[in-house]
Amino acid sequence: MARTLSAKPVVARMTADSLARASELSREGRQPTLAIIRVGENPDGLSYERGAAKRCAASGVAVESIALPADCSQGDVMDAIARVNADPSVHGCLLLRPLPAGLDEDAACSALDPSKDVDGITSGSLLGVLTGGGGGFPPCTAEACLRILDHYGIGVAGKHVVVVGRSLVVGKPVSMMLQARDATVTMCHSRTRNLPGLCRSADILVVAAGCMRMIGPDCVCSGQVVVDVGINWDDAAGKLAGDVDFDAVEPLVDAITPVPGGVGAVTTAVLVAHVVQAAGRITP
Ligand code: NAD
């Protein structure tokens with residue numbers, strides 16, 4: 001039976017650290033504050049906003065919600081971002097995506113002040129991930145994968161890590177961050193040949209493909225650590241499921257993250273930690 005790499009203790013420790021630092025900063029007159037910009041009423045966006053607000057409250061971080069109607073103009077979105085950029089009391093901004101059809105998401109992301117980009121959506125932050133420098137932050141989900149490995153004492157240096165998925169939100173940044181820590185990374189995608197064979201060759205398998213239970217027993221072997229980033233709604237079962245077939249894979253591997261209660265839960269704790277860090281970077 002595999003070790004379950006649960007988010008619970010990771011989030012508990014991160015929340016305690018954020019709360020301690022946020023309290024310190026508040027005493028110095030720098031109350032860490034996150035602005036959340038939401039356009040429309042997308043249920044996934046609303047649920048993520050609720051989760052982030054709850055984690056902020058537990059961590060001593062204030063939240064300013066900016067809700068725009070689904071039929072707002074590009075100008076309305078740009079104005080909201082400009083207000084956040086200009087407001088010295090706001091240290092980080094979460095722009096909930098995807099934006100409704102017709103709005104230019106790239107333009108909106110690029111308009112955000114990189115120093116307030118706590119979710120790694122600007123090209124400045126992504127360049128920082130690539131070069132190891134810069135003023136922004138890595139995408140929270142990519143960092144959450146590493147935080148889980150760190151918490152459970154799973155080193156990556158010298159290991160072969162196979163990452164399934166190459167999105168800018170997860171696959172690419174997590175691959176870069178793993179390489180920066182001396183892992184040997186193979187990045188796979190929808191056109192990769194012999195995916196099961198490559199996955200079996202991994203010491204650590206990170207899956208972020210958005211295909212429910214696509215990683216089955218044929219893709220794993222004993223001794224592996226599996227990090228499942230996928231969040232899919234299983235209509236038939238009426239519950240969330242990952243990109244990994246947990247029940248079939250768990251008996252075969254050494255350690256595995258659950259869904260829910262794995263990477264997703266740590267992602268909001270990383271977001272909050274970034275807001276606290278951003279507030280700490282400001283000179284009082
Ligand atoms: P995406 O659709 O942007 O990218 C998916 C990637 O997977 C692509 O690079 C594609 O080439 C690859 N892929 C798709 N099908 C594949 C296949 N059959 N074989 C190999 N590669 C394949 O998705 P994303 O935004 O990176 O999200 C991936 C998953 O992670 C989704 O389930 C999403 O819900 C989840 N996610 C979770 C969090 C979190 O906080 N835990 C955050 C973001 C995304």
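**Figure 1. Residue classes in the lining of the largest cavity of the predicted model.** The lining of the largest cavity divides into four nonpolar, three polar and two charged residues (nonpolar: Ala, Val, Leu, Ile, Met, Phe, Trp, Tyr, Cys and Pro; charged: Asp, Glu, Lys and Arg; polar: the others, Gly among them). The model is a predicted one, in which local features need pLDDT of at least 70 and side-chain atom pairs count only at pLDDT 80 or more, whereas totals for chains, interfaces and linings use all residues. Residues are numbered from 1 along each chain as its sequence is written, and side-chain values use heavy atoms, with hydrogens and water left out. The residues that line the largest cavity are R38, V39, G40, N42, G45, L46, L96, R97 and P98. At least two lining residues come from each of β2 and α2 (helices are DSSP runs of H or I with at least four residues, strands are runs of E with at least two, and both are numbered from the N terminus). The space in the largest cavity is about 70 Å³, and a search of the whole structure finds one cavity of 30 Å³ or more. On a 1 Å grid over the protein atoms alone, a cavity is a set of points where a 1.4 Å probe fits but cannot get out, a pocket is an open set with protein on both sides within 12 Å along at least five of seven lines, and lining residues have an atom within 4 Å of a point. Grid points are joined across faces, edges and corners, and a volume is the space filled by probe spheres set on the points.

Figure 2. R97 and P98 are joined by a cis peptide bond with omega of about 5 degrees. P98 belongs to the loop between β4 and α4 (105-111), and both R97 and P98 are among the residues that line the largest cavity. A cis peptide bond also leads from V259 to P260, where omega is near 0 degrees; P260 sits in the loop between β11 (255-256) and α10. D182 is not a glycine, yet its phi is positive, at about 70 degrees. The loop that holds D182 runs between α7 and β6 (184-188).

Figure 3. Three strands form an open sheet in the order β3-β2-β4, and their pairing is parallel (two strands pair if DSSP finds at least two bridges between them). The edges are β3 (62-68) and β4 (92-95), each of which pairs on one side only. On average, neighbouring strands of this sheet are turned by 20 degrees against each other, direction ignored. Seven bridges connect β2 (residues 33-39) with β3 in the parallel sense, and L34 stands opposite V63 in β3. Helix α2 (residues 43-58) lies across β2, β3 and β4 and runs at about 170 degrees to β2. Helix α3 (residues 74-86) lies across β2, β3 and β4 as well, at about 160 degrees to β3. Axes are lines fitted to C-alpha atoms, for helices over the stretch in contact, and angles run from 0 to 180 degrees between N-to-C directions.

**Figure 4. The six-stranded sheet.** The strand order of this open sheet is β1-β11-β8-β7-β5-β6, with parallel pairing. Its edge strands, β1 (3-4) and β6, each pair on one side only. Strand β5 (residues 160-164) is joined to β6 by five bridges in the parallel sense. In β6, T184 stands opposite H160.

**Figure 5. Packing of α6 against α10.** From α6, the residues C140, T141, E143, A144, C145, R147 and I148 meet V263, V266, T267, V270, L271, A273 and H274 of α10 (contact: heavy atoms within 4.5 Å). This contact comprises nine nonpolar, three polar and two charged residues.

**Figure 6. The second largest pocket.** The volume of the second largest pocket is about 370 Å³. Of its 21 lining residues, G128, V129, P138, E143 and M177 lie nearest the centre. Two or more lining residues come from each of α5 (123-131), α6 (140-151), α7 (171-180) and α10 (263-281), with the largest share, four residues, from α6. By class, the lining holds seven nonpolar, nine polar and five charged residues.
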